[in-house]
Amino acid sequence: MHKIIQPAGWKPAKGYANGVLTEGARLYVGGQIGWNKQQVFEHHDFIGQMEQALRNVVEVVESAGGKATDIVRLTWYVTDKKAYLAKQKEVGEAYRRVMGKHFPAMTMLVVSGLIEDAALVEIEATAVIAPS
């Protein structure tokens with residue numbers, strides 16, 4: 001058994017689910033990019049998109065009844081390794097604004113592009129939702 005998670009007010013995803021909650025309260029969050037709930041990019045820089053993508057991940061987790069600290073794994077796909085490495089201080093600051101000092105297992109991959117041409121980063125997650 002599983003349940004599709006769609007945050008309230010978000011424009012519907014096309015061809016995928018934003019989140020899938022399984023028995024045992026394991027939540028798989030589909031790759032989130034740096035656009036808002038209306039699928040509009042408000043930021044065209046790496047830091048702005050990264051922070052929005054993380055906020056999107058957390059919103060899916062919260063829509064399933066969890067919180068940021070329930071996230072156990074993040075996978076990042078970035079299109080520009082140099083942009084990421086050049087902004088390490090800003091990356092850390094933006095990360096902590098969204099995730100606090102919670103650091104789950106993470107993997108980062110450099111990719112040649114993402115499906116949305118304007119996207120600079122995509123982040124997927126796995127969370128284990130603690131019982132209420």
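Student: At what angle do helix 1 and helix 3 pack?
Tutor: Helix 1 (residues 46–63) packs against helix 3 (residues 88–99) at about 20 degrees, and their axes are 9 Å apart. Helices here are DSSP runs of H or I with at least four residues, strands are E runs of at least two, and both are numbered from the N terminus. Axes are lines fitted to C-alpha atoms over the stretch in contact, with angles from 0 to 180 degrees between N-to-C directions.
This is a predicted model, where local features need pLDDT of at least 70, side-chain atom pairs need 80 or more, and totals for chains, interfaces and linings use all residues. Residues are numbered from 1 along each chain as its sequence is written, and side-chain values use heavy atoms, without hydrogens and water.

Student: Which residues of helix 1 make the contact?
Tutor: Phe-46, Ile-47, Met-50, Glu-51, Leu-54, Arg-55 and Val-58. Helix 3 brings Glu-90, Val-91, Ala-94, Tyr-95, Arg-97, Val-98 and Met-99. Contact means heavy atoms within 4.5 Å.

Student: How do those residues divide?
Tutor: Into 10 nonpolar, no polar and 4 charged.

Student: New topic. How many cavities of 30 Å³ or more are there?
Tutor: The count is 1. The largest cavity holds about 70 Å³ of space. A cavity is a set of points on a 1 Å grid where a 1.4 Å probe fits but cannot get out.

Student: What lines the largest cavity?
Tutor: Its lining includes Trp-10, Tyr-16, Trp-35, Gln-39 and Asn-56. By class, the lining has 3 nonpolar, 5 polar and 2 charged residues.

Student: Where is Gln-39?
Tutor: Gln-39 is in the loop between strand 3 and helix 1. Gln-39 has a positive phi of about 65 degrees although it is not a glycine.

Student: And what volume has the largest pocket?
Tutor: About 260 Å³. A pocket is an open set with protein on both sides within 12 Å along at least five of seven lines, and lining residues have an atom within 4 Å of a point. Of its 14 lining residues, Tyr-16, Ile-33, Trp-35, Ile-115 and Glu-116 lie nearest its centre.

Definitions and conventions: Ala, Val, Leu, Ile, Met, Phe, Trp, Tyr, Cys and Pro count as nonpolar, Asp, Glu, Lys and Arg as charged, and the others, Gly among them, as polar. Grid points are joined across faces, edges and corners, and a volume is the space filled by probe spheres set on the points.
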